[in-house]
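This report describes one protein model, moving from the overall composition to individual helices, aromatic rings and backbone details. Please keep the sequence and the structure in view while reading.

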Amino acid sequence: MSSKSSIHFNGRATPDSLGPPGRPSTATDEIRQSYRSIFTSHSSGMNTSSVNTELSSVATNNSESSEFVKVFPNWPDTSQFEGSARGSMTNESVIGMYAEGFGSPKQSMDTTYKRSMQTERPSFHSARPSSQPSLRGSSEMKRPALAHRRSQSASLLNQWKPTAEQSLAPPPAHPTRTSADIIGNGTLRLSEDRRSEKKPPEQVPRDRYGFKKTSHYITVQQYDAWDAVYSEHLSRRSKKWHALMRSYGLATKPPFRFPPKSDKIKRYVRKGIPPELRGAAWFWYAGGPGRLAKEPGLYSNLLQQIKDGGKLSDNDREHIERDLNRTFPDNIRFKPDPATMSDAQAGAGGGSTGTAAGKQTKGKNNQAEPETPMIQSLRRVLQAFAVHNPGIGYCQSLNFIAGLLLLFLDEDEEQAFVLLEIVTSVHLPGTHGIALEGANIDIAVLMSCIKDSLPGVWAKLDDKGGGLAGDPSAQALRLPTVSLATTAWFMSLFVGTLPIESVLRVWDCLFFEGSKTLFRIALAIFKAGEKEIMAVHDPMEIFQVVQTSPRGMLDVNSLLEVCFRRRGGFGHVSQDLIERRRAERRRAVKEGVSTLDGGGVGAGVARWKSRWRSKTKI
């Protein structure tokens with residue numbers, strides 16, 4: 001509450017706290033009602049109401065002992081004034097007081113009641129026509145002492161504006177009690193705080209990694225029901241992993257080295273690496289330490305080149321900046337909730353003030369979006385990768401891969417850079433290249449695996465489209481329409497396709513076993529959605545099922561069970577099989593494109609690839 005609405009001013013009650021019942025409501029009525037109800041009908045909370053004091057500002061021009069003018073005729077104890085000077089006051093007397101301005105301001109404390117009432121006032125009876133009877137002579141016409149509203153406002157102003165004469169007057173003999181003293185113990189202040197405090201924003205439900213629990217395909221209730229069981233699974237796996245590390249004499253705080261690859265360790269990995277060990281295990285089993293040792297200082301040298309203003313193309317820089325704030329907007333490390341920042345930060349953009357690019361992007365309300373340290377690290381990793389790999393530059397979806405690596409590598413930019421290099425060169429060769437040749441080849445290999453392992457599903461997917469009719473070479477290169485939905489699966493390593501916990505478990509197996517994991521998981525997704533696919537017939541409905549069904553597959557243990565089980569699983573899809581079919585497809589593409597290039601097919605393929613690289617969402 002501001003100072004204007006405080007309960008006392010210079011030891012006196014203010015008008016805001018003294019208004020009689022029935023008057024228009026003010027801003028403090030709500031506060032008043034909060035403590036009036038705990039006392040008696042006397043508004044002051046004392047034994048006698050302030051309106052029943054002996055002195056009246058109307059009668060004496062002195063409001064020292066009267067807090068406000070009595071204007072309500074039915075208040076108690078009014079009978080004591082009947083027949084007195086106060087009770088006999090007429091309208092003419094009041095009008096006369098109004099005409100003369102009520103005399104001087106508040107007089108000294110020695111001014112008596114008689115002195116004020118003996119003051120001669122001009123009578124208006126002589127000016128009254130004889131036809132109008134006087135109200136003074138009729139006892140039946142006697143009215144309670146009602147003061148004109150001008151007298152009330154004047155007395156209130158006198159309380160607020162003491163004169164120099166008043167400032168020299170001695171203090172009142174009787175003790176003064178304010179409303180705050182009557183209430184005591186800061187009750188009013190507590191009421192003010194309750195009114196002024198803002199309702200905190202609703203807390204966003206998030207998982208253990210900072211991602212929002214809910215999505216278009218999973219509700220908070222579904223997530224919590226699943227997580228109640230899955231948390232126990234994580235606790236058991238964490239204990240077993242720590243016991244495993246101790247058995248090999250390896251440290252876990254912080255983890256660096258891990259047990260050598262074996263069937264036992266593979267079983268441990270497939271059941272899930274604990275979150276506290278995950279990032280370090282990825283880096284170790286993917287061969288990160290060896291690659292880092294071969295090129296020490298590479299990452300810092302690349303950053304220095306970028307700082308010097310060389311090699312990073314304007315096109316790559318622009319696309320990186322465009323995608324930074326689109327990376328994991330549902331994760332608090334990438335995009336904090338406004339409640340986690342101060343109001344000033346949230347209004348001004350928040351986050352860190354400096355950026356590598358020297359600027360911040362703006363949101364819908366033309367305000368700079370908060371740029372977290374994670375976003376700054378992501379910018380440097382992507383820029384260094386683009387400079388070091390001119391054949392790839394920057395391709396949309398690399399931001400999600402690099403972002404998730406940073407999240408689990410504790411923002412170690414150099415390690416994230418090395419793992420991003422391994423993903424694009426070893427596990428997904430050519431997939432993110434300028435020609436996107438690797439993406440086309442891997443999807444073709446996946447379609448061949450579906451044809452072999454899930455013939456019923458393949459019959460639904462094979463819509464006889466995507467190729468050039470009448471040409472055998474074109475028919476050999478064609479892919480079904482549903483392949484457009486699966487392209488993003490591999491390019492983003494299932495980020496945005498599967499729930500985040502499922503993505504992490506897939507990456508556990510990917511960095512330990514290799515890219516065959518991606519094909520096995522894709523086959524398991526088609527197997528899990530087989531009933532839905534078989535239930536529809538329109539190609540677009542099939543496309544919709546394939547595109548949306550994985551996003552609700554929260555039970556990752558069941559998905560991996562379908563993937564790795566001995567009977568009915570996809571253990572036969574080995575890394576050797578994948579590499580062999582990749583090589584076959586590359587040859588077919590090379591031969592087919594050279595044969596069909598005279599018909600303009602090469603230009604059409606180039607246009608399709610360009611459209612994919614310019615996409616802004618997965």
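Of the 618 residues in the protein, 43% are buried, and the coordinates discussed here are those of a predicted model. The secondary structure comprises 29 helices and 2 strands. Among the contacts between residues at least 6 apart in sequence, 71% join residues at least 24 apart. The accessible surface comes to about 33000 Å², and carbon and sulfur atoms account for 52% of that area.

**Helix α11 and its surroundings**

Helix α11, spanning residues 275-285, is mostly covered, with 8 of its 11 residues buried. Those buried residues are Leu277, Arg278, Gly279, Ala280, Ala281, Trp282, Phe283 and Tyr285, and they pack against α9 (220-247), α10 (263-270), α12 (288-294), α17 (398-408), α18 (413-427) and α23. Just after α11, Gly287 adopts a positive phi of about 90°.

**Helix α23 and helix α27**

Two packed helices are described by the angle between their axes and the distance between the axes. For helix α23 (residues 500-513) and helix α27 (residues 556-564), the angle is about 35° and the axes are 9 Å apart. On the side of α23 the contact is made by Glu501, Ser502, Arg505, Cys509 and Glu513, and on the side of α27 by Val556, Asn557, Leu560 and Phe564. Sorted by class, this contact of α23 with α27 has 4 nonpolar, 2 polar and 3 charged residues.

Cys509, one of the residues in that contact, is buried, with a relative accessible area of 1%. The closest cysteine sulfur to that of Cys509 belongs to Cys563 and is 7.4 Å away, which is too far for a bond because a disulfide requires sulfur atoms within 2.5 Å. The structure as a whole holds 0 disulfides. Cys449 also counts as buried, at 3% relative accessibility.

**Aromatic rings**

The structure holds 19 aromatic pairs. A pair of aromatic rings is described by the distance of the centres and the angle of the planes, and the table gives these values for two pairs.

| Pair | Centre to centre | Angle between planes | Arrangement |
|---|---|---|---|
| Tyr223 and Trp226 | 5.4 Å | 65° | edge-to-face |
| Tyr285 and Phe512 | 4.9 Å | 70° | edge-to-face |

Tyr223 and Trp226 both lie in helix α9, 3 residues apart, or about one turn of the helix, and both are buried. An α-helix has 3.6 residues a turn, so residues three or four places apart point the same way. Tyr285 lies in helix α11 and Phe512 in helix α23, so this pair ties together parts that are 227 residues apart in sequence. Tyr285 and Phe512 are likewise both buried. Beyond these pairs, Tyr209, Trp282, Phe408, Trp507 and Phe511 form one aromatic cluster.

Leu382 is found in helix α16, residues 373-388, and counts as buried at 2% relative accessibility. Its contacts, once neighbours within four places in sequence are left aside, are Ile320, Leu324, Tyr394, Leu398, Asn399, Ala402 and Leu420. Leu382 and Glu321 are 61 residues apart in sequence, and their C-alpha atoms are 9.9 Å apart in space.

Leu250, by comparison, lies in the loop between α9 and α10. With 19% relative accessibility, Leu250 counts as buried because the cut-off is under 20%. Leaving aside neighbours within four places in sequence, Leu250 is in contact with Met245, Arg257, Phe258 and Pro259.

**Backbone details**

Most residues other than glycine have a negative phi, and most peptide bonds are trans.

Ser397 has a positive phi of about 110° although it is not a glycine. Ser397 belongs to the loop between α16 and α17 and is buried, at 1% relative accessibility. Phe494, also not a glycine, has a positive phi of about 75°. The location of Phe494 is the loop between α22 (483-491) and α23, where Phe494 is buried with a relative accessible area of 0%.

Methods: Residues numbered from 1 in each chain as written. Predicted model: local features only at pLDDT ≥ 70, side-chain atom pairs only at ≥ 80, totals over all residues. Heavy atoms only, no water. Axes fitted to C-alpha atoms, helices over the stretch in contact; angles between N-to-C directions. Helix = DSSP H or I, 4+ residues; strand = E, 2+ residues; numbered from the N terminus. Contact = heavy atoms within 4.5 Å. Nonpolar A, V, L, I, M, F, W, Y, C, P; charged D, E, K, R; others polar. Buried < 20%, exposed > 50% of the residue type's maximum accessible area, 1.4 Å probe, protein only. Areas by Shrake-Rupley, 256 points an atom, 1.4 Å probe, with all protein chains shown as cover. Phe/Tyr/Trp six-rings, centres within 6.5 Å; stacked < 30°, edge-to-face > 60°.
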